[in-house]
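Please look through the sequence and the model shown below, then continue with the notes by topic.

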Amino acid sequence: YTEHSVVNFDETNVDFDPSHRNTLCKIGEKSISLRINGHSGRCTVMLGCSAGGHKFPPFIIWKGVRGGRIHRDCGMQVFEPGQMYTVQPSGWMDGQAFNEWVRRVIQPYVAARDNSVLVLLDNFSVHMQHDNVTSLQILGAEVEFIPAGYTPVLQAMDKGLHKPFKQYLREESLNWMVQQPDGTKPTRQHISQWISRAWAQVQLTTILNTW
């Protein structure tokens, strides 16, 4: 396998109101209240990269039902360009969302590399479902699962990429909140923009060093 043929993917939770390590107040105030946007929503984003530094487009799973308004918005690409979207009732990865991710993210990549790609995944139950593994193998991809308990040291996304991504995401949220009236809640388009810019800020050197 070439460096770009070895790939790792992992889901991570994204809160619409991510916790911050800073508070916002006007200079000179004697008391400081925690500033939040108050949105209780969340989504899941599947991120991945190759050992050669290629970053895959974020695959975002909104909380919603298929055929509903949010799902229709996904099809019309009303969110951030360069990302992919689907829905699931709880906003989690399930078998249907996984197979959509395979079709839209993995299939084109595998086809461009003569059907020779090694996909590294953790042992999340959805990843290990027979039908989901088969959907990858049909494309010609080989699938390897990282043993339970070893993802912090053997999975690139866990080892060194989720942390900077989440930090950049918090910074995006904070910068947005500074510019909004108190109590303004972000939309899905705002969340998409935060995810896009946060993932773009993860540097090639960080990816290569992590691998």
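Helices are DSSP runs of H or I with at least four residues, numbered from the N terminus. The model is a predicted one. By that numbering, R170 lies in helix α6, which spans residues 156-178.

**Aromatic pairs and their cluster**

- The count of aromatic pairs comes to 8.
- In one of them, the ring centres of F9 and F56 are 4.6 Å apart and the planes stand at 55 degrees, so this pair is classed as tilted.
- F9 and F56 are both buried.
- F9 also pairs with W101, with ring centres 4.9 Å apart; their planes are at 80 degrees, and an angle over 60 counts as edge-to-face, so the pair is given that label.
- This second pair likewise links distant parts of the chain, since F9 is in strand β1 and W101 is in helix α2 (residues 95-111), 92 residues apart.
- Both partners, F9 and W101, are buried.
- One aromatic cluster is formed by F9, F56, F98, W101 and Y109.

- R170 is buried and yet has no salt bridge.
- The nearest side chain of opposite charge to R170 is that of E171, 7.6 Å away.
- The side chain of R170 does make a polar contact, at 2.9 Å, with the side chain of Q167.

**R197 in helix α7**

- R197 is located in helix α7, which covers residues 188-201.
- Its relative accessibility is 39%, which lies between the cut-offs of 20% for buried and 50% for exposed, so R197 counts as partly exposed.
- R197 and E172 are 25 residues apart along the chain, and their C-alpha atoms are separated by 7.7 Å.

**A nonpolar patch on the surface**

- Y150, V153 and L154 form a nonpolar patch on the surface.
- Together, these three residues, Y150, V153 and L154, have about 310 Å² of accessible area.
- V153, one of the members, is found in helix α5 (residues 151-154).
- V153 is exposed because its relative accessible area, 52%, is over the cut-off of 50%.

Notes. Residues numbered from 1 in each chain as written. Predicted model: local features only at pLDDT ≥ 70, side-chain atom pairs only at ≥ 80, totals over all residues. Heavy atoms only, no water. Patch = residues over 30% accessible without salt bridge, like charges linked within 9 Å, V, L, I, M, F, W, Y side chains within 5 Å. Areas by Shrake-Rupley, 256 points an atom, 1.4 Å probe, with all protein chains shown as cover. Salt bridge = Lys/Arg side-chain N within 4 Å of Asp/Glu carboxyl O. Helix = DSSP H or I, 4+ residues; strand = E, 2+ residues; numbered from the N terminus. Buried < 20%, exposed > 50% of the residue type's maximum accessible area, 1.4 Å probe, protein only. Lys, Arg positive; Asp, Glu negative; His and termini not counted. Polar contact = N/O pair within 3.5 Å; in protein donor to acceptor, adjacent residues only side chain to side chain. Phe/Tyr/Trp six-rings, centres within 6.5 Å; stacked < 30°, edge-to-face > 60°.
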